[in-house]
Amino acid sequence: MCGICGCNNEEHTHTHTHEHGHGHGHEHEHGHEHTHEHGHEHGHGHTHEQAHAQERHARRIAVETDILDKNRQKARQNRALFAKARVTALNILSAPGSGKTTLLVRLLALLKGRCPLAVVEGDQHTQLDAQRIREAGVLALQINTGKGCHLDAQQLACALKTLPLPQEGFLFVENVGNLVCPAAFDLGESARLLVLSLTEGEDKPLKYADAFATADAVVLSKADLAPHLDISVQALKENLHKTCPRAPVFLVSSKTGEGMDALLDWLWGLRLARPAPEGQSA
C-alpha cells in the first residue's frame, strides 16, 4: 500500500509487505499470557502501543519521502526530455465526471493541424478514453493503474517509450480522476491544468486546497449548465482566488464552445514561452 495515498501501485507494494511482516513478528514475540496475570497488561500495552505507533509513523514518513524523492528525480528526467524535444506537456487534473475528456477532445480538434499532438490517458480500468482520443485522430496511449489513484513520473516515462513525442507540439496527460493524490506527484509537466465542473459546487477549491494550489490554470467546465444550477460563479471564483490566486480561470463549455478561444490562447502562449534546451537558443 502506498505510504502517500493508500493506493496499490506496484511500485509501492513494498510498504504494505513491510508493515504486515513487522506486525506479525512483533505480535508473536509478545503473545505470552503472564502480563494479564500480573495485572499490568493495560500499562504495558499502552506504553508499547505508543512506541509502536511512533515507529510506524517514522517509517511511514521515511517511505513517503523516499517515494516522492524518487518521483521528483524521474520527473526531472521527463522534463529534460520534453525540453530537448520542445514539447509542451500539460498535466490535467480533476475529480471524476468533470468533463475533462470531452474538453480535451474539443481542444484537440482546435489544435489539430497547427502542431503535433499526443495524449496519455490515466484511468484505473478500460481503454475508453484513449479510444475517444484516437477517434479524434490523435495518437493516444492508455495507462491503467488498477487500484492506483494517480499517475506518477515513472509511469509516464514508461509510456513515452511507446508513444512518440510530439516534437514542437503538445503532450496532454489526463490524470486519474482524483483531487487528492495526483497533486503530490510531479510528472515533469510544463504546466498543470485543473478542471472543475460547475456541477461540483462552490466549495471544492477550499475542500481540496492542495490540488488547487498546484494549478497553473483552472477551467470551470460545463458553463452551459450555469443557468440551471444553484451556484454562484462569482463565489466560486472568489474561493479559487483564495487557493490559487495567480492561476488564470477560464469559464468554458465544451458543448457550445464558450471560453475555448481564451483557453486556446493560454495554451499557445505556453508553447511559445517554453524554454529552449541547454546550449540552444529559443
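**Helix 4 and its packing partners**

Helix 4 (100-111) packs against helix 5 (residues 128-135) with the axes 10 Å apart and an angle of about 20°, the axes being lines fitted to C-alpha atoms over the stretch in contact, with angles from 0 to 180 degrees between N-to-C directions. Helix 4 is therefore roughly parallel to helix 5 (angles under 35 degrees count as roughly parallel, 65 to 115 as roughly perpendicular). Helices here are DSSP runs (H or I) of at least four residues, and strands (E) of at least two, numbered from the N terminus. This is a predicted model, in which local features need pLDDT of at least 70 and side-chain atom pairs pLDDT 80 or more, while totals for chains, interfaces and linings use all residues. Residues are numbered from 1 along each chain, and side-chain values use heavy atoms, without hydrogens and water.

The contact (heavy atoms within 4.5 Å) joins T101, T102, L104, V105 and L108 of helix 4 to D129, R132 and I133 of helix 5. By class, 4 of these residues are nonpolar, 2 polar and 2 charged.

Turning to helix 10 (residues 260-273), its axis comes within 11 Å of that of helix 4, and the two cross at roughly 70°. This makes helix 4 roughly perpendicular to helix 10. Here L103, R106, L107, L110 and L111 of helix 4 meet M260, L263, L264, L267 and W268 of helix 10. The contact of helix 4 with helix 10 has 9 nonpolar, no polar and 1 charged residues.

G99 lies in the loop between strand 1 (88-94) and helix 4. C-alpha to C-alpha, G99 is 6.9 Å from S221, although 122 residues separate them in sequence.

Definitions and conventions. Parallel < 35°, antiparallel > 145°, perpendicular 65-115°, else oblique. Nonpolar A, V, L, I, M, F, W, Y, C, P; charged D, E, K, R; others polar.
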